[in-house]
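User: I have a structure to go through with you. Can you take my questions as they come?

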Amino acid sequence: MNLPETMRAIDPPAPGGPEVLVLVERPVPRPGPGEVLIKVAAAGVNRPEVMQRKGVYPPPPGATSIFGLELSGTIVALGEDVNAEMLGQAVCALVTGGAQAEYAVAPAGTCLLVPEALTMVEAAAVPETLFTVWTNVFERGYASEGDTLLIHGGTSGIGTMAIALCKLFGVKTIVTAGSDEKCATAVELGAGHAINYKTEDFVERVKAITGGKGVNIVLDMVGGDYVARNLKCMAEDGRHVSIAVQGGLMATIPIFDIMRKRLTLTGSTLRPRTTAFKTLVADEIHRSVWPFVASGQLKPVIDRTYPLAEAAEAHRRMEAGDHVGKIVLVVE
């Protein structure tokens, strides 16, 4: 295939508001050893990109400054040491950057074949949330059948994926959301209970729902003063998993309660992890989760799509907090 020299991409020269997200011309990247070049069909929009745009979450060393952490598309070129059979395959992939462009490089190991059950838009909305939920809820949080999980941001991309995965694996869910409408949507999507955190005390509601026992796991995207409140929601031997700090970087917590209830506090960030780690996660997802995707039992919730040229509008919608599920940029 004859590749063009340049492509359109979202790569603002400086931080700022959504208005900095305009199309620019960039060289088409070339895949290195163990990498593939993908002609992008669609790319997901995620909260870390909003932070990157504001200048508070720069790409990790060695990553492209072009926005986008997940994509779907067709493999059009191979780097060294990549199986020749991958050429021409439709895949979705997790990347450290570069997805919001006409072409993107991805590690071959983080690519997953797009089954017939998924559209390319749906496929683009899967990697970031699925890798995040799998590693944090099921690996770090040791979720297993019969457990109860408290999810903050229940109608976000992460939240809706967590609801769906937990439903498949027999994990009960309680979510928080910011309106009665969003709570109703979360229950429709499979959440066992939904709490409007603006009108209800989620600590008291969790106690009532669980009969005072508390939840086994908390998936927290808020941080700040939520952490101490989360600990009050937890059962003995519970696991608290932090994946974002939208409400604050620091927390004051009751150490003796952690000791008394034998709680575990953990967390992770996915973007800076090594390609080797992400490849291992992709392998686990391929074995444990992808059969549900291929059969149509697991699909992402799509909130809205925008053309690549309207990335600014996609960011405005995400920051407004009105979305339910994933926002996706369509490139083709």
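Analyst: Go ahead. Asp237 is a place to begin: this residue sits in strand E12. Keep in mind that the model is predicted.

User: What is the phi of Asp237?
Analyst: Positive, about 65 degrees, although Asp237 is not a glycine. Most residues other than glycine have a negative phi.

User: Why does Asp81 count as exposed?
Analyst: Its relative accessibility is 75%, and exposed means over 50%, so Asp81 falls in that class.

User: Switching to helices. At what angle do H3 and H9 pack?
Analyst: About 85 degrees, with the axes 10 Å apart; H3 covers residues 127–140 and H9 covers residues 275–288. That makes H3 roughly perpendicular to H9.

User: Which residues make the contact?
Analyst: From H3, Leu130, Phe131, Trp134, Thr135 and Glu139. H9 contributes Phe277, Lys278, Val281, Ala282, Glu284, Ile285 and Ser288.

User: Last one: which residues form the nonpolar patch on the surface?
Analyst: Val245, Leu249 and Met250, with about 370 Å² of accessible area together. Val245 lies in the loop between strand E12 (234–242) and helix H8 (255–261), and is partly exposed at 41% relative accessible area.

Definitions and conventions
Residues are numbered from 1 along each chain as its sequence is written. This is a predicted model: local features need pLDDT of at least 70, side-chain atom pairs count only at pLDDT 80 or more; totals for chains, interfaces and linings use all residues. Side-chain values use heavy atoms; hydrogens and water are left out. Patches are made of residues with over 30% relative accessible area and no salt bridge: like charges are joined within 9 Å, nonpolar side chains (Val, Leu, Ile, Met, Phe, Trp, Tyr) within 5 Å. Accessible areas come from the Shrake-Rupley method with a 1.4 Å probe; for residues, only the protein chains shown count as cover. A salt bridge is a side-chain nitrogen of Lys or Arg within 4 Å of a carboxyl oxygen of Asp or Glu. Helices (H or I, at least four residues) and strands (E, at least two) are DSSP runs, numbered from the N terminus. Buried means under 20% relative accessible area, exposed over 50%, partly exposed in between (1.4 Å probe, protein chains only). Axes are lines fitted to C-alpha atoms, for helices over the stretch in contact, and angles run from 0 to 180 degrees between N-to-C directions. Angles under 35 degrees count as roughly parallel, over 145 as roughly antiparallel, 65 to 115 as roughly perpendicular and the rest as oblique. Contact means heavy atoms within 4.5 Å.
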